[in-house]
Amino acid sequence: MSATDPHQAEHQALHRTIEAVWRIESARVIAGLTRLTRDVGLAEDLAQEALLAALEQWPQSGVPDNPAAWLTATAKRRAIDLFRRNAVAQRKHEELGRELEALEQTSPDLDSTLDNTIGDDLLRLVFIACDPILPTESRAALTLRLLGGLTTDEIARAFLTTEPAIAQRIVRAKRTLADKHIPFEVPRGLEFAARLSSVLEVIYLIFNEGYSATTGDDLMRPTLCEDALRLGRILAELTPAEPEVHGLVALMEIQASRIRARITSTGELVLLFDQNRTQWDQLLIHRGLNAIERAHKIDTTRGPYLLQAEIAACHARARTPSETDWQRIVILYTELAQVIPSPVIELNRAVAVSMAHGPQAGLTLVDALASEPSLARYHLLPSVRADLLYKLGRHPEARTEFERAAALTRNIRERGLLLTRAASCETDPTHSSEK
Amino acid sequence: MRFMVIVKATAESEKEGALPDPQLMAEMGKYNEELSKAGVLLALDGLHPSSKGARVKFSGKSRTVVDGPFTEAKELIAGFSILQVKSLEEAIEWVKRGPNCGAGDYEVEIRQVFEMEDFAPILSEEQIQHKVERRAQLPNQTANK
């Protein structure tokens with residue numbers, strides 16, 4: 001049979017349609033089933049079985065009018081069968097099985113019942129997938145699997161690992177959730193903020209897996225940014241009163257707006273100030289600025305994601321690098337450094353200060369970071385310092401620093417750039433003051 | 001990937017000053033909210049009838065302006081949205097879920113938006129490996145990001 005066989009082509013088209021339906025519906029189906037079974041691992045297995053049944057049956061029967069209801073009903077029937085089989089051994093499940101049946105009988109319109117609580121169930125699913133009991137990479141894999149509707153193979157490609165490794169990671173995560181009896185609920189009170197920040201961390205990690213890799217390599221990775229954005233946007237609608245969620249969405253929208261300007265046609269990274277700003281995606285910038293607005297309407301205090309989003313927005317608003325509002329960026333970095341103290345943020349702040357108040361002001365701050373142990377092997381510290389020294393006309397010192405930075409980076413292209421700059425310090429010894 | 005969903009006009013949508021039926025508006029609102037909640041709706045707009053628009057015809061160096069309205073409603077556009085989804089099939093599935101917002105028959109066209117990936121060169125395994133290694137060197141927060 002050839003690939004152009006019309007029957008086979010039709011079959012493949014249907015397969016893609018089922019995949020699409022799965023992408024749209026799987027999170028809601030799994031969330032609903034988790035509420036019924038109180039076991040997210042089992043719920044996912046049941047949903048997968050329903051998907052397999054769809055792949056078997058829909059080619060003959062056609063895609064049902066309400067595919068989500070079909071998938072849920074199929075999975076639920078399997079749940080009931082399963083509970084019946086286990087009923088003798090496990091009384092608890094027997095009760096649950098009866099409850100399920102009773103629920104089905106008393107509420108023929110189960111799907112609309114599901115619909116009303118679906119938002120809550122989805123949010124519970126988000127929290128269970130991002131439970132801090134799981135290692136971060138498991139949280140990311142599970143979130144993509146349960147909420148993003150990605151296949152194990154897609155997740156493996158996204159994280160540059162093998163399918164069995166991801167499959168194992170997911171199985172282990174589901175087992176941990178079951179063993180530790182992690183409840184299917186939205187955390188309350190003080191715990192909520194901490195748990196939400198774990199969720200945001202997972203989504204941003206997924207985004208960065210895609211974003212820092214967006215150097216024109218395999219096409220899967222910008223897609224990962226889209227997955228993270230989609231998750232963020234979903235979360236923003238599930239928890240509309242949380243400013244940091246809007247902050248994260250804004251940060252991702254604005255960073256994503258630069259994706260096409262961020263790499264050259266040969267796949268090389270282009271730094272922010274060298275990017276062609278006309279290539280920035282204005283639609284995403286607009287969405288990012290809107291998300292910042294939404295956050296501002298909720299609260300006047302600013303968390304780390306919102307602050308980073310606002311810094312990104314300062315760049316997004318500037319049509320040319322020289323129009324950048326550095327004064328404002330300095331204020332935002334100062335606030336950010338207070339919210340999450342970090343030498344890397346201090347270094348960024350020093351760069352902003354140098355842009356706002358001149359290289360000497362920046363250099364003073366950079367020098368204060370010289371003894372910071374966590375920056376000892378961080379090539380950007382000497383790189384920033386070298387640049388400021390160069391601007392101050394202190395070329396011999398700048399050269400030493402450029403060379404030090406070049407020795408610290410293992411990135412070949414960046415090393416080349418730094419060595420070129422080091423050499424330029426030497427070829428221009430008469431140059432003494434460049435402001 | 002992104003798709004532009006183009007809603008074609010009807011005699012109804014081309015009527016000047018005609019506002020859609022409130023119930024229909026409510027249904028559309030609910031549907032658009034569903035798209036938003038799913039994180040797939042990037043942008044959405046409805047268009048005034050063509051009587052409020054114009055066409056600029058290009059021929060060589062000449063530009064001729066023709067004011068609306070235009071005939072052939074089914075070839076006109078009444079609104080559009082931009083969806084960010086995984087596949088054409090997903091865009092189709094979302095569009096099929098929308099309410100029917102016209103008394104007569106009309107069409108919704110789905111077109112893929114050109115994006116960076118469409119122009120990206122196909123890299124060799126070696127190049128990809130190089131990128132992967134390099135990516136590992138990138139700190140989470142870089143100065144001048």
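In which helix of chain A does A:H395 lie? The residue A:H395 belongs to helix α18 of chain A. The views below come from a predicted model.

**View 1. A:H395 is a buried residue of chain A.**
A:H395 has 23 C-beta neighbours inside 10 Å. The cut-off for burial is 20 or more, so A:H395 counts as buried. A second residue, A:T74, sits 321 residues away from A:H395 along the chain. The C-alpha atoms of A:H395 and A:T74 are separated by 72 Å.

**View 2. Helix α18 of chain A spans residues 395-408.**
This helix has 14 residues. From its first C-alpha to its last, α18(A) reaches 20 Å. That is close to the 20 Å expected at 1.5 Å a residue. Which residues of α18(A) are buried? They are A:H395, A:A398, A:E401, A:F402, A:A405, A:A406 and A:L408. These residues cover an arc of only 160 degrees around the axis, so they lie on the same side of α18(A).

**View 3. Helices α6 and α9 of chain A pack against each other.**
Helix α6 covers residues 136-146 of chain A, and helix α9 covers residues 189-211. Their axes are 9 Å apart and meet at an angle of about 80 degrees. Angles of 65 to 115 degrees count as roughly perpendicular, so α6(A) and α9(A) are roughly perpendicular to each other. Which residues make the contact? From α6(A) come A:T136, A:R139, A:A140, A:T143 and A:L144. From α9(A) come A:V202, A:L205 and A:I206.

Of the 435 residues of chain A, 46% count as buried. Now take the contacts in chain A between residues at least 6 apart in sequence. Of these, 60% join residues at least 24 apart.

**View 4. Chain B holds an open sheet of 4 strands.**
The strand order is β2-β5-β1-β6, with antiparallel pairing. Which strands are at the edges? They are β2 (41-46) and β6 (108-112) of chain B, and each pairs on one side only. Neighbouring strands of this sheet are turned by 15 degrees against each other on average, direction ignored.

**View 5. Strands β1 and β5 of chain B run antiparallel.**
Strand β1 covers residues 2-8, and strand β5 covers residues 77-84. These two strands are joined by 7 bridges. B:F3 has B:L83 as its bridge partner in β5(B). Helix α3 (residues 88-96) of chain B lies across β1, β5 and β6. It runs at about 155 degrees to β6(B).

Notes. Residues are numbered from 1 along each chain as its sequence is written. Chains are lettered from A and ligands numbered from 1 in the order in which they are written. This is a predicted model: local features need pLDDT of at least 70, side-chain atom pairs count only at pLDDT 80 or more; totals for chains, interfaces and linings use all residues. Two strands pair if DSSP finds at least two bridges between them. Axes are lines fitted to C-alpha atoms, for helices over the stretch in contact, and angles run from 0 to 180 degrees between N-to-C directions. Two residues are in contact if their C-beta atoms, placed from the backbone, lie within 7 Å. A residue is buried if 20 or more other C-beta atoms lie within 10 Å of its own, exposed if 12 or fewer, and partly exposed in between; C-beta atoms are placed from the backbone. The expected span of a helix is 1.5 Å times one less than its number of residues. The arc is that of the directions from the helix axis to the C-beta atoms. Angles under 35 degrees count as roughly parallel, over 145 as roughly antiparallel, 65 to 115 as roughly perpendicular and the rest as oblique.
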